[in-house]
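Please read the following report alongside the sequence and the coordinates.

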Amino acid sequence: MADRNPLSQLNLGRISQRCAEESQRFFKRQEYDDRYCFELFRRAFAQRDSRAWDLIFAQYQPLVQGWITRHPSFQSLGEDAEYYINRAFERMFTAVTPDKFKAFADLRQLLRYLQMCTGSVIIDAARRLDQAERIALDESEHISHPDAVDVEDQVLADHQRARFWAWLQTRLKDDQERAVMYGCFVLDMKPRELCNAHKQTFATVADVYRVKQNVLERLRRDPEVRQYLEGW
Amino acid sequence: MGCQCNETIDDARLLAYLDGEPDPALQAQLTDCPECQARLAQLAREQDSLTKGVRWAACPTVLELGEYVLGLLSPERRQAVAAHIVDCHRCTDAVAQIRAFLNADAVEGVAPAVGVVERVRVLVAELFTPGPTLSLAGLRGTVGDTLTYKADDVQISLDIAADPGQPGKRSLLGLVIGADQSGLEVELWRGDTLAAMTTVDDTGNFSLDGLTPGRYSLALSAMNLEVHVEALDV
């Protein structure tokens, strides 16, 4: 049976060359044929061809760099664009498995995903910087770099928090306690804010504080909670 | 020494005070009661510690929020993320940032992709049958293998011969029938490297000389047509 995709039989160098040519047409705002670049992505993601991946990186690195340098948060993060370029491509390569690649119909969707990965890397860096500054505030230090909080440590901490929260929910008695714990401690809402958002659950803000008092009193007596949390 | 206050102050009231709820009477009592000050400090530590233990624990990753924006999540997961975003200002902010970033630097809209009917016709030729020797072959001396490839209405006959001018090298002679020869470019690739290139002349012929024996792929391209011959042993 004839292959429906004739490009799948072409050598990689040819595909890469045509991809580069068509990309030039795209950036000159001319009509372009996106199939060659899409084929390059297909080989990289669906076939996990590392050479195709290297070619994609070389082809689209300038595009990603432009996105990064134009991001409103980039200047405040204090890191070279190259760092975020590498993180953006890494994120896409890790996230798009061969199975997931089937969801992409054309080059436009793939590039939009790459752009989203770029934006997400910047947001994560800004969050790490924010967390680093919070830690610094606690310890009376000044930290101005997002990697003052190690990325791997951050991922580990996120997993630990998720597990602890899942476990903690088993210690809660009713919907009011779950609402208070989730709203006030997980989502960082003020009790007045929580009361306004859940008027059917809490008649007044005093009800929120009463539930909070009861939960803290019970958790204070729980040896496992005391073991997990500092200062208890 | 225990609590010095005239009235018992419960933790709920202290928690409200920590959150900035105005309570002038409590503020005055706290000034004079070390016991209550210590309770307040302990409550603050407990809240802070518990917050650090679970804060943002239920949030999707930023990557997942981005996939939510792009409509790539399963219906069940999309529903769960949407429900979380309604309550979580941090994730609401992240989604807004992602949307703004994608809209500010949109990939699409710069230029239209070529419509299907206007796209270059890409064909991969298949070996047909060994064809007749080429008319030019006699001028070059010893005749090598002759191969005929077909792709739709395009036929390519290839003659591989020893290069008389370069011992140990080969020549590839070609004849293209069925395609508009004007401006037809010929590229010979060895792996991912372009080894040689030329153009087809007005009679449909082309030649490539000085080729190192090996496996190649051949690409003929024009404005609206590409024909490829793969796994060509020279």
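Which residue in β7(B) is the bridge partner of B:V186? The bridge partner of B:V186 in β7(B) is B:T198. This is a predicted model, in which local features need pLDDT of at least 70 and side-chain atom pairs count only at pLDDT 80 or more, whereas totals for chains, interfaces and linings use all residues. Residues are numbered from 1 along each chain as its sequence is written, chains are lettered from A and ligands numbered from 1 in the order in which they are written, and side-chain values use heavy atoms, with hydrogens and water left out.

**The sheets of chain B**

Chain B contains 7 helices and 10 strands, where helices (H or I, at least four residues) and strands (E, at least two) are DSSP runs numbered from the N terminus. Of its 234 residues, 45% count as buried, a term that stands for under 20% relative accessible area, with exposed meaning over 50% and partly exposed in between (1.4 Å probe, protein chains only). Among the contacts in chain B with a separation of 6 or more, 49% come from residues 24 or more positions apart; a contact means heavy atoms within 4.5 Å.

Another open sheet of 5 strands in chain B has the order β2-β3-β4-β5-β8 and antiparallel pairing. Here β2 (126–127) and β8 of chain B stand at the edges with a single partner strand each, so one side of each is left without a neighbour in the sheet.

| Strand pair in chain B | Bridges | Example of facing residues |
|---|---|---|
| β2(B) and β3 (residues 146–151) | 2 bridges | B:E126 and B:K150 |
| β4 (residues 154–162) and β5 (residues 170–177) | 8 bridges | B:L158 and B:G174 |
| β5(B) and β8 (residues 205–211) | 5 bridges | B:L175 and B:N205 |

A:F41 is one of the buried residues in α2(A), a helix (residues 35–45) that is mostly covered, with 10 of its 11 residues buried. Beyond residues up to four places away in sequence, A:F41 touches partners including A:A46, A:I56, A:Y60, A:M92 and A:F101.

**Helices α9 and α11 of chain A**

The axes of α9(A) and helix α11 (residues 205–220) of chain A come within 9 Å and cross at roughly 90°. The two helices are therefore roughly perpendicular to each other, the class that covers 65 to 115 degrees, while angles under 35 degrees count as roughly parallel, over 145 as roughly antiparallel and the rest as oblique.

A:E177 lies in α9(A) (residues 175–186) and is buried, with a relative accessible area of 4%. Its side chain makes a polar contact with the side chain of A:R218 (2.5 Å); a polar contact is a pair of N or O atoms within 3.5 Å, and within protein one must be able to donate a hydrogen and the other to accept it, residues adjacent in sequence counting only if both atoms are side-chain atoms.

A:K173, by contrast, is placed in the loop between α8 (151–169) and α9 of chain A and counts as exposed at 61% relative accessibility. Leaving aside residues up to four places away in sequence, A:K173 touches A:R178 and A:R218. A:K173 and A:V215 are 42 residues apart in sequence and 8.9 Å apart in space, C-alpha to C-alpha.

Notes. Two strands pair if DSSP finds at least two bridges between them. Axes are lines fitted to C-alpha atoms, for helices over the stretch in contact, and angles run from 0 to 180 degrees between N-to-C directions.
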